[in-house]
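Let's take a walk through a protein together. Have a look at the sequence and the 3D picture, and then we'll pick out a few spots.

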Amino acid sequence: MTIQSWSGGKDSTASIILEHMHGLPKSRIVFVEVMFDHKRNISGELPEHIDFVKNIAIPKFESWGYVVDVIHSESDYFQEFYHVISKSKIPERNGKYRGFFLGGMCAGNDRLKMRPLHKYHAQFTNATYIVGIAADESERLQRLKSGKRSLLAEYGYTEQMAYDLCKEHDLLSPTYKNRNRGGCWFCPNQNIEQFAILKAQYYDLWSELKKMSEEKNLVSKGFRYAKTFEQVEKEVDAYLLIQDMCANQMSFFEEKCQEYESRIYNTRRT
């Protein structure tokens with residue numbers, strides 16, 4: 001049997017579309033939903049993305065005859081943040097909350113995504129895993145291990161072609177409208193622009209992080225690499241201010257241009 005680990009992104013989605021288009025034996029599809037808070041049912045996926053996954057893509061795949069498994073870690077980001085350290089070799093850390101995951105080596109990817117995925121894969125023996133690596137990702141293809149294959153590479157699909165294929169089948173995640181990456185909305189590896197979009201579009205989620213950052217009993221105050229949440233928020237606010245100023249300036253110039261064009265047009269008529 002074959003298994004497709006699907007993220008909802010363009011490459012893994014295009015891989016499923018190709019399999020369907022070419023009438024290949026149907027893989028079993030698995031999607032790992034990282035959770036921010038199980039108790040309050042707050043997903044770690046961006047709201048527009050998880051809506052696309054559950055209400056658009058999965059129904060379409062199931063209509064094609066696919067089995068789609070949505071799996072979760074028993075833990076969530078909230079639990080990991082508020083985990084009390086008790087066995088640290090650094091005494092002053094014991095009794096404190098773990099706090100935010102470190103940037104660059106996100107432990108959340110291991111604990112909240114890879115662990116449940118490895119547990120899922122352990123159910124199946126001798127399975128072949130189809131991965132979403134495009135034909136123009138040569139370095140990633142060179143690292144492809146035995147037991148894994150890329151349909152995108154086999155059919156000569158580049159990343160742009162994967163994007164176009166998803167769009168053609170109405171299976172392109174809406175996150176691509178203003179982002180070039182997916183992933184958890186609390187991921188410390190996001191850039192300032194992506195955090196700014198989060199704050200502007202989903203202030204309730206941004207407020208969750210802000211409230212957590214105000215905890216006093218944290219092992220580390222680091223939120224994005226060596227920077228605190230407060231420092232990151234200042235950068236985000238500065239970015240949003242510049243964007244707002246640029247938008248207002250463009251609106252002003254467009255209005256003046258329209259007035260000028262209108263005067264010229266009316267002058268010519270008379």
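**Starting from one cysteine**

Cys187 has a relative accessibility of 8%, so it counts as buried, the cut-off being under 20%. Keep in mind as you look around that this is a predicted model. Where does Cys187 sit? You'll find it in the loop between helix H7 (159–168) and helix H8 (192–201). Now look for Arg224: along the sequence, Cys187 and Arg224 are 37 residues apart, and in space their C-alpha atoms are 8.7 Å apart.

Let's zoom out to the whole protein. It has ten helices and nine strands. Of its 270 residues, 41% are buried. Take the contacts between residues at least 6 apart in sequence: 64% of them join residues at least 24 apart.

Thr2 has Thr128 in E6 as its bridge partner. Another is strand E2 (residues 28–32), which runs parallel to E1 and is joined to it by three bridges. Here Ile3 has Arg28 in E2 as its bridge partner.

How does the chain get from E1 to E2? Follow helix H1 (residues 10–21): E1, H1 and E2 make a right-handed β-α-β unit.

Note on methods. Residues numbered from 1 in each chain as written. Predicted model: local features only at pLDDT ≥ 70, side-chain atom pairs only at ≥ 80, totals over all residues. Heavy atoms only, no water. Pairing = 2+ DSSP bridges. Helix = DSSP H or I, 4+ residues; strand = E, 2+ residues; numbered from the N terminus. Right-handed = clockwise from strand over helix to strand, strands pointing away. Buried < 20%, exposed > 50% of the residue type's maximum accessible area, 1.4 Å probe, protein only. Contact = heavy atoms within 4.5 Å.
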